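Here is a friendly note to read alongside the model. Please keep the viewer open as you go through the points.

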Amino acid sequence: RWKEVLSAKSSDNQNRMGKLIQRFPTAAASVMDRCIQRSLPQRSITYDFRLLDPGPDDQSGLNAEPFFGLMFMVKHKQTDLLVHDLSRKLLKIKWRSYGWFVYWTNLALFSLFLTFMTYFMLTQRKLVTLKPQNNADSDDDNDDDFMQKDAFHNATGFLILIFASFHLVKEIYQIFTQRMGYFKQWTNALEWVLYLSTIMFVLPYVFPSASKLRGDPRISWQMGTVAVFLGYINLILFVQTLNYVGIYVTMFFRVATTVLKT
């Protein structure tokens with residue numbers, strides 16, 4: 001009756017399988033082995049995911065939320081359990097259900113944002129002279145050049161600003177949900193610098209009243225360059241989860257880390 005024991009609620013309303021994952025990973029692996037039934041005559045394999053994914057009506061997770069075993073493994077860094085056959089099969093099913101749609105939608109939107117940002121910088125770079133502004137005449141000339149853009153450039157800058165602002169709001173929401181765990185991931189700091197520098201660079205192009213934010217054009221264009229560079233780094237991190245590309249991304253970052261240490 002081991003399934004009944006593990007499925008029953010504990011006195012503190014916490015999931016029993018979650019406690020095994022956290023404190024006794026070897027026992028959790030044995031339980032997961034029993035959740036896989038192989039039938040040689042029928043040449044079939046049956047997976048029972050109820051202990052790892054009880055369903056949307058479950059409230060045995062943290063803060064009375066539905067328990068999901070894979071997230072518990074990630075939280076407690078149980079890598080051996082994550083590569084278990086039961087975990088891999090559950091992850092594949094979740095990916096086929098809705099994960100692929102969310103992933104490819106985010107990747108497509110970010111690629112579109114990065115394309116617009118790159119095109120915007122390449123076209124606007126021709127209109128700017130990267131010299132300090134010393135007098136009022138040069139300021140007027142730069143303002144005239146600064147405002148030479150058609151409707152497409154107006155729309156492009158506006159879309160870039162909306163995308164960056166939306167992602168900053170998403171990062172703030174993640175701070176409230178993840179709390180201190182949010183600051184332990186260096187990719188979050190990368191995204192903050194990426195979207196803040198993007199907003200500071202594009203804002204004067206969208207709203208002429210904010211043209212004072214330009215200041216020295218050399219500084220503003222350095223922010224734009226940083227934004228594009230970090231954008232492509234973030235794109236590389238995006239494709240790291242793909243099967244045929246992820247190994248090369250991992251190798252790239254390991255080599256880069258080794259070079260920086262030396």
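This is a predicted model: local features need pLDDT of at least 70, side-chain atom pairs count only at pLDDT 80 or more; totals for chains, interfaces and linings use all residues.

1. Residues are numbered from 1 along each chain as its sequence is written, and side-chain values use heavy atoms, with hydrogens and water left out.

2. The predictor's confidence in each residue, pLDDT, runs from 0 to 100. Its average for the protein is 81, and 85% of the residues score at least 70.

3. Now find the largest pocket, with about 2,000 Å³ of space. A pocket here is an open set of points on a 1 Å grid over the protein atoms alone, where a 1.4 Å probe fits, with protein on both sides within 12 Å along at least five of seven lines; lining residues have an atom within 4 Å of a point. Of its 40 lining residues, the closest to the centre are Leu 91, Trp 95, Tyr 103, Phe 238 and Thr 241.

4. Which helix gives the largest share of this lining? Helix α6 does, with 12 residues. Helices α8 (151-178) and α10 (217-238) are among those that each supply at least two.

5. Finally, look at Lys 77, in the loop between α4 and α5 (79-82). Lys 77 is not a glycine, yet has a positive phi of about 55 degrees.

Key
Grid points are joined across faces, edges and corners, and a volume is the space filled by probe spheres set on the points. Helices (H or I, at least four residues) and strands (E, at least two) are DSSP runs, numbered from the N terminus.
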